[in-house]
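Hello,

Here is the structure for your files. My notes on its aromatic rings follow below it.

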Amino acid sequence: MSGWEHTYSGKVRDLYSSAEHPGVVLMVASDRVSAFDHVLAPGIPGKGALLTELSLWWFARLSDVPNHLVSGDVPEEFAGRAILAKTLEMYPIECVVRGYLTGSGWAEYRETQTVCGVPLPDGLSDGDRLPEPIYTPAWKAPMGEHDENITFERTVELVGLEAATALRDASLRVFAKASAIAEERGVILADTKFEFGADPATGALTLADEVLTSDSSRYWDKAEYDAGRRGLSFDKQIVRDWLAAHWDKSGTPPELPPEIVAQTAARYRELIERLTGK
Ligand SMILES: Nc1ncnc2c1ncn2[C@@H]1O[C@H](COP(=O)(O)OP(=O)(O)OP(=O)(O)O)[C@@H](O)[C@H]1O
Ligand SMILES: [Mg+2]
């Protein structure tokens, strides 16, 4: 891999930099899958390429928001599963937006009728649509620790009022646009997580990381949802559900069985077909 030096591996992506490309990071999406903050075995064949394709498709549709994409033309050995991106100073905030109540949001709501400090009406059920999308940030924990849901006020303490407000407003704006695009295609964007960074040259707030992939988002089939069937998602819920039923969340997670791997890969492909029409 001439000239590219490995600098970091997250749970899913491997990052490289090159002296020939200052200010640019090569982000390679692997087939690794993570759930409950653990990387699982085996990977999902083709996942890195599918998620890269989906991210690129969304970046093209969200071009009114500055983003980190430099190019999808990458060294040949990574073709189709990597992007070149502008290296940013990342904010340590996971910018979660929820249009529907489920997952950790539902768990918190049941205890306190709030999500990340945002008060919600009473009487909501798991999977219900919220009166309007809400911004429910999380603190991006260092490797090995669990991300932690926080209030907007806490994000102000972490990054300052101006950046915290800009992160929230940009997240809600991108979510509104993306959920409208998805809904036209019969897909509900239930929730998603964005990451932003500051452009080191200008300080401009810049959309980074992967966007609106099935790793960072919950997608549901609208027709199924409208018919009252709420379990069917296009994301790694299959993996989460299987793991929750076969693992007590202590020690090493068990190997995913082949049928779970195959079902997950098929759902990822189906989502791309539904959204992109390809
Ligand atoms: N433009 C960018 N410049 C610098 N870093 C970026 C950029 N876009 C994304 N990143 C970072 O690259 C990493 C991508 O790796 P990956 O998604 O596998 O990590 P993760 O497991 O989600 O989280 P982490 O390793 O940060 O705990 C993340 O740390 C993300 O914050
Ligand atoms: Mg990530």
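Aromatic contacts

Y100, W220 and Y225 form a single aromatic cluster. Please keep in mind that the model is predicted.

Searching the whole structure turns up 7 aromatic pairs. One of them joins W106 and Y109, whose rings are stacked, with 6.0 Å from centre to centre and 25° between the planes. The two residues belong to helix α2, which covers residues 103–112. W106 and Y109 are 3 residues apart there, or about one turn of the helix. Both W106 and Y109 are buried.

F194 and F196 make an aromatic pair that is tilted, with centres 6.3 Å apart and an angle of 55° between the planes. Are F194 and F196 buried or exposed? F194 has a relative accessible area of 0%, so F194 is buried. F196 comes out at 1% relative accessibility and therefore counts as buried. The cut-off behind both calls is that buried means under 20% relative accessible area.

Charges over rings

- K249 places its charged end over the ring of F36, at 4.0 Å from the ring centre.
- R267 lies over the face of F234, and the distance to the ring centre is 4.1 Å.

Regards

Conventions
Residues numbered from 1 in each chain as written. Chains lettered and ligands numbered in written order. Predicted model: local features only at pLDDT ≥ 70, side-chain atom pairs only at ≥ 80, totals over all residues. Heavy atoms only, no water. Phe/Tyr/Trp six-rings, centres within 6.5 Å; stacked < 30°, edge-to-face > 60°. Helix = DSSP H or I, 4+ residues; strand = E, 2+ residues; numbered from the N terminus. Buried < 20%, exposed > 50% of the residue type's maximum accessible area, 1.4 Å probe, protein only. Lys NZ or Arg CZ within 6 Å of the ring centre and 35° of its normal.
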